[in-house]
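This briefing covers one protein chain. The sequence and model are shown first, and notes grouped by topic follow.

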Amino acid sequence: MHVVSDNGTELTSNAMLKWQEDCQVGWHYIAPGKPMQNGLVESFNGRMREECLNEHLFPSLRHACRMIAAWRADYNHHRPHSSLAGPPPHEYVNRSKEDQNLHRAN
C-alpha cells in the first residue's frame, strides 16, 4: 500500500509517522503548493466537501458516519461518472476487462 498526501501537520505528526512505519505503508508527499500532483483525491475531496460536509450539521459522530456512508453509497453505486463514460464506479468495476478497455479507447 502507498499513500500520497500533502505535507500538512496532520499528516506529518509523530503518531502518523509511527502508524506508517508500524503498518509498513509507503508514503509520498506532494510538493508544497502543488495540489494538482494529487488531482484525483483533490477532486474527490472537493466534491465530498461541497455535496456532503457543507450540506449537513452533524450533531454526533454516529450521525456523521451515517450521512457520509449514505453519500459514499450514492457516489459509488448510483451516480453516473463522466470520467467513466457514464456508469457509477461500482458498475464500471464489475464490467469485463475488454469492455473497460473498449470504453477507455473511445
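Which residues of H3 are buried? They are His 63, Ala 64, Trp 71 and Tyr 75, where buried means under 20% relative accessible area, exposed over 50% and partly exposed in between, with a 1.4 Å probe and protein chains only. The model is predicted: local features need pLDDT of at least 70, side-chain atom pairs count only at pLDDT 80 or more, and totals for chains, interfaces and linings use all residues. Residues are numbered from 1 along each chain as its sequence is written, and side-chain values use heavy atoms, with hydrogens and water left out.

**Chain**
- The protein chain has 5 helices and 2 strands; helices (H or I, at least four residues) and strands (E, at least two) are DSSP runs, numbered from the N terminus.
- Along the sequence the pattern is β-α-β-α-α-α-α.
- Of the 106 residues in the chain, 21% are buried.
- Among contacts (heavy atoms within 4.5 Å) between residues at least 6 apart in sequence, 27% join residues at least 24 apart.

**Helix H3**
- H3 has 17 residues and reaches 24 Å from its first C-alpha to its last, close to the 24 Å expected at 1.5 Å a residue; the expected span is 1.5 Å times one less than the number of residues.
- The buried residues of H3 are His 63, Ala 64, Trp 71 and Tyr 75. Seen down the helix axis, these buried residues fall within an arc of 100 degrees, so they line one face of H3; the arc is that of the directions from the axis to the C-beta atoms.
- That buried side packs against H2 and helix H4 (89–93), while the face turned away from it carries the exposed residues Arg 62 and Arg 66.

**Two histidines**
- His 63 lies in H3 (residues 61–77) and counts as buried because its relative accessibility is 18%. Leaving aside neighbours within four places in sequence, His 63 is in contact with Leu 57 and Phe 58.
- His 81 lies in the loop between H3 and H4 and is buried, with a relative accessible area of 10%. Not counting residues up to four places away in sequence, His 81 touches Tyr 75, Gly 86, Pro 87, Pro 88 and Pro 89.
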